[in-house]
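I am keeping these notes while I look through a structure. The entries follow the order in which I looked things up.

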Amino acid sequence: MKTILKCLVTLLGMILFVLTTESFAQQTHIDLGLRVQKSFGLYYENGFVAQFSADSIAQQRLYLGIGYVSSRLGSAIGSNAIKQDNYQVWLSYYFKKDHKLQPFVSLGSGFFHADYESDDFEELDQSSLLLSTSAGLEYTTPIRLKVNLAIGYNLISGNGQEGPGTLYPVFGQLNFYYPLK
Amino acid sequence: MKNYEPFYSLGLKVNLPTLLFRNRLGLYLVLCLGISLASCGDPSDISDELLDGKVIFDPSIMAPENYLTSLSNPNPTPEEASRPVFILCHGYSASTFEWSEFIAWSGNTEAYYTSSVLLGGHGRTYEEFKSNSWQDWQWAIFDEYEALLDAGYTNINLVGSSTGGALILEAISSGYFKGKTAPKHIFMVDPIVLPSDKILPLIGVLGPLIGYTESENTDGEKSYWYTYRPQETLQELQKIIKKVRLDLQKGINLPSQTSLNVYKSTHDSSADPASAVLIYKGVSPSNQVSIKMIDSELHVFTRLNYRIESVSAQDRTNQEQTFQDIVEIALQH
């Protein structure tokens, strides 16, 4: 299983590299935005996201995204919730590009870290690779703001035996993107 | 007869013949729905060898005076009333058996008393288990606590394993002990705040489809733990641990003279070890809280009898040291 995951992450990294190189050689599009993410059964983790696409790649259907979401900007504000950070990269593919409501699917990866704030818990897993899939719908408003709702599944999550206990599998995302370029 | 009216509120317009006969995906969906509905409800046959059945009950129901100090010694002398009493609270779907090894380890000691509480709805038939809420589970603890106070006991200590720990945390958070003599010490073994099975939060959606779950108990465990877990009880479990997690997020204040001692397995397939982190962060004052992480792969590592897992020498040491720790803390302070 771990070998398959490593292969998937490597493949994703190679695609990201190629896409990034190609994007900057062509006419690129950049969306900046905010992400509200909720794990089913745990925290709100909010943060910032950006997406890139190019005219010449998959007719602007393929997007490369990067983001940072954290409970520091969500459930942990003014509470005892665990502070945890997600550094995310993903590839999204949009269907029905000429429609106002566009379905999309994503494959994501990244890095997760939870801060347990005490040496008492040093034996517990606090970090993990992220690997996720998600699907959703995106609506472009008349003011060009894109509103994007998705449901996703973390293929790696905690299970009591291994993995951070606050990394939950099922999550929902609400994203707001504004096209800069 | 189940009422499936809510499905119509989705406003789906389906041509049923087309769905059934011209569309393979539709046929597959109908098949899945059929299997789901067929698997709903309760287990069709519960054998008499199971706790779930109508023959085996928790022995504390028949002879509560053998389990509860409030009944075995209702009129203590002043000296007896000052001895520590441990109210032992088991976890979800378990019974008084979960703490029987502590009682056996204690032997005929006169240094302290034990009160082994059977949580409400537990130790009885599947149907009774199914019909009780987490508040019903908790009331059994309160009944014994109040009975001990009424009898004059002053040195009461709470010991909770797994969901027993969550029920005690909820009691503190909801202010149950305000205006009463507070417990002197609280001990928790593998308290659950975060489940290891991260799908549990979806039980509200999945539960009505599955009806119940079946656990793989050993032959020995079948008389003391439920084999079939009604989805209604899993929803209650999810409600109590969610409430406790949110209470911890806001902060739970211990009564001023009460200490909290948590013992948590580092690898636990039922109560995620990160539960201890949430308790560490959420309970104050911090100088009254002690957390010990125990190198173990067992859930409720103090119960070793009838385990499906092989019990190691380290497991026996963990049990022994934790029992000693609990008793020493209660006797010294």
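What percentage of the 333 residues of chain B count as buried? I get 41%. I note here that this is a predicted model.

Entry on chain B. I count 13 helices and 10 strands in this chain. I then took its contacts between residues at least 6 apart in sequence, and 77% of these join residues at least 24 apart.

Entry on chain A. I find 1 helix and 8 strands here. Read from the N terminus on, the order of elements is α-β-β-β-β-β-β-β-β. Of the 181 residues of chain A, 36% count as buried. For contacts between residues at least 6 apart in sequence, I get 55% joining residues at least 24 apart.

Entry on one residue of chain A. I looked up A:Gln27 and found it in the loop between α1 (2-25) and β1 (28-39) of chain A. Is A:Gln27 buried or exposed? A:Gln27 has 11 C-beta neighbours inside 10 Å, so I list it as exposed; the cut-off for exposed is 12 or fewer. Leaving aside neighbours within four places in sequence, I find A:Gln27 in contact with A:Ala54 and A:Asp55. I also checked A:Gly65, which is 38 residues from A:Gln27 in sequence. The C-alpha to C-alpha distance of this pair is 17 Å.

Entry on a helix pair in chain B. I took α10 (residues 203-210) and α11 (residues 231-250) of chain B, which pack at an angle of about 170° with their axes 9 Å apart. Angles over 145 degrees count as roughly antiparallel, and I therefore describe α10(B) and α11(B) as roughly antiparallel to each other. On the α10(B) side, I list B:Ile203, B:Gly204, B:Gly207, B:Pro208 and B:Ile210 in the contact. From α11(B) come B:Gln231, B:Leu234, B:Gln235 and B:Gln238. I sorted the residues of this contact into 4 nonpolar, 5 polar and no charged.

Entry on the two chains together. How many residues of chain B are in contact with chain A? I find 23 residues of chain B in contact with 24 residues of chain A. On the chain B side, the elements that give two or more residues are α11, α12 (274-282) and β10 (289-294). Which element gives the largest share of the side of chain B that touches chain A? That is α12(B), with 5 residues. I divided the residues of this side of chain B into 10 nonpolar, 8 polar and 5 charged.

Terms used:
Residues numbered from 1 in each chain as written. Chains lettered and ligands numbered in written order. Predicted model: local features only at pLDDT ≥ 70, side-chain atom pairs only at ≥ 80, totals over all residues. Axes fitted to C-alpha atoms, helices over the stretch in contact; angles between N-to-C directions. Helix = DSSP H or I, 4+ residues; strand = E, 2+ residues; numbered from the N terminus. Parallel < 35°, antiparallel > 145°, perpendicular 65-115°, else oblique. Contact = placed C-beta atoms within 7 Å. Nonpolar A, V, L, I, M, F, W, Y, C, P; charged D, E, K, R; others polar. Buried ≥ 20, exposed ≤ 12 C-beta atoms within 10 Å, placed from the backbone.
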